[in-house]
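Colleague: Hi, could you walk me through this one? I'm new to it.

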Amino acid sequence: MLSRNHWIKPVVFCFAALIAFTTLAHGEMRKDIEYGRAGDVILKLDASVPDGPGPFPAVIIVHGGGFIGGNKQMYVTPIFEPLTRAGFAWFSIDYRLAPKYKFPAAVDDVDRAIEYVKSHAAEYKVDTRRLAILGESAGGYLVSYVGTQTDPKWRVAAVVSFYGPHNLMGEYEMRKRQSKEPSALTAFLGITTFDKEAFDRLREASPINRVKKGLPPFLLLHGTKDDLVDYQQSVDMCDRLQKAGDACELYTVPDGKHGMANWEGTPEYKQKVVEWLQKTLQ
């Protein structure tokens, strides 16, 4: 994964609309909605609202970018249309980035987004009992971490994590094997020296170490040729969830590299996500 000094990948950018409301073939797109504030930072999201009375199942989408970059219209865009066509409401969010804003700022922002969607469910025609969170890369980490929380106000019905780093110690070890600096970890967690205290912090911030019985179902997606986040991360996370008595499914993309943009040759993953969400959120 981590630094998108290492993580910058080819991507098709979605240009922001010049107006806040756009009529779509399957509903309405609303852009740059304020969902919260953190100090002087205004947090924004884009919302796709289906036609019809609802309420609809919904997905909060969290972009990647190594914790230091990216925005709500980067990296995660390939999943927008499949969700729209399947009749989901969805919300793609911005969050505070490192190194200026360190852990747990980004986690807190995902929590804020969940609270916002739940409290505005009638406006967006959302069925709060069928609310999922989905993230890729750094966003995959964030949704997995948030998915391990037990406070009802942040409880969701499903978690979808694309190639997320669930074990930050494993991410550190992978970087050392590659003779690369774990720069995103230092930025995200504010680590300056990798000593015992730093390793304890890596373990405490790792979703895999927060697994317990009673979590929502997880779908993990990962490519076997990912050289930024080890495929084994998702294997181990799914195994840990299942051993705790939680539902988890791992969808493997053979020879898949890091990033949805690298999976366009195997678009079946989009159908998998939609079908899994439809079944899980029914």
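This is a predicted model: local features need pLDDT of at least 70, side-chain atom pairs count only at pLDDT 80 or more; totals for chains, interfaces and linings use all residues.

Colleague: OK, Ser 144 first. Which helix does Ser 144 lie in?

Modeller: Ser 144 sits in helix 4, residues 138-147. Helices (H or I, at least four residues) and strands (E, at least two) are DSSP runs, numbered from the N terminus.

Colleague: Is Ser 144 buried or exposed?

Modeller: Buried, because its relative accessible area is 0%. Buried means under 20% relative accessible area, exposed over 50%, and partly exposed in between (1.4 Å probe, protein chains only).

Colleague: And what does Ser 144 touch?

Modeller: Not counting residues up to four places away in sequence, Ser 144 touches Val 159, Ser 161, His 166, Pro 207, Phe 218 and Met 237. Contact here means heavy atoms within 4.5 Å. With Ser 161 there is also a side chain to side chain polar contact, at 3.5 Å. A polar contact is a pair of N or O atoms within 3.5 Å; within protein, one must be able to donate a hydrogen and the other to accept it, and residues adjacent in sequence count only if both atoms are side-chain atoms.

Colleague: How do helix 2 and helix 4 pack?

Modeller: Helix 2 (residues 105-119) meets helix 4 at an angle of about 70°, with the axes 10 Å apart. Axes are lines fitted to C-alpha atoms, for helices over the stretch in contact, and angles run from 0 to 180 degrees between N-to-C directions. Helix 2 and helix 4 are therefore roughly perpendicular; angles under 35 degrees count as roughly parallel, over 145 as roughly antiparallel, 65 to 115 as roughly perpendicular and the rest as oblique.

Colleague: What about helix 5 and helix 7?

Modeller: Helix 5 (residues 168-177) and helix 7 (residues 196-204) pack at about 125°, their axes 7 Å apart. That makes them oblique to each other. Leu 168, Met 169 and Tyr 172 of helix 5 make the contact with Phe 199, Leu 202 and Arg 203 of helix 7.

Colleague: How many residues of helix 5 are buried?

Modeller: Seven of its 10. Among them are Gly 170, Glu 171 and Met 174. The buried residues of helix 5 pack against helix 4, helix 6 (183-189), helix 7 and helix 8.

Colleague: What happens at the start of helix 5?

Modeller: A side-chain oxygen of Asn 167 comes to within 3.1 Å of the backbone nitrogen of Met 169.

Colleague: Switching to sulfur: which cysteines form a disulfide?

Modeller: Cys 238 and Cys 248, with their sulfur atoms 2.2 Å apart. A disulfide is a pair of cysteine sulfur atoms within 2.5 Å. Cys 238 belongs to helix 8 (residues 231-243) and Cys 248 to strand 9 (residues 248-253), 10 residues apart. Both cysteines are buried.

Conventions. Residues are numbered from 1 along each chain as its sequence is written. Side-chain values use heavy atoms; hydrogens and water are left out.
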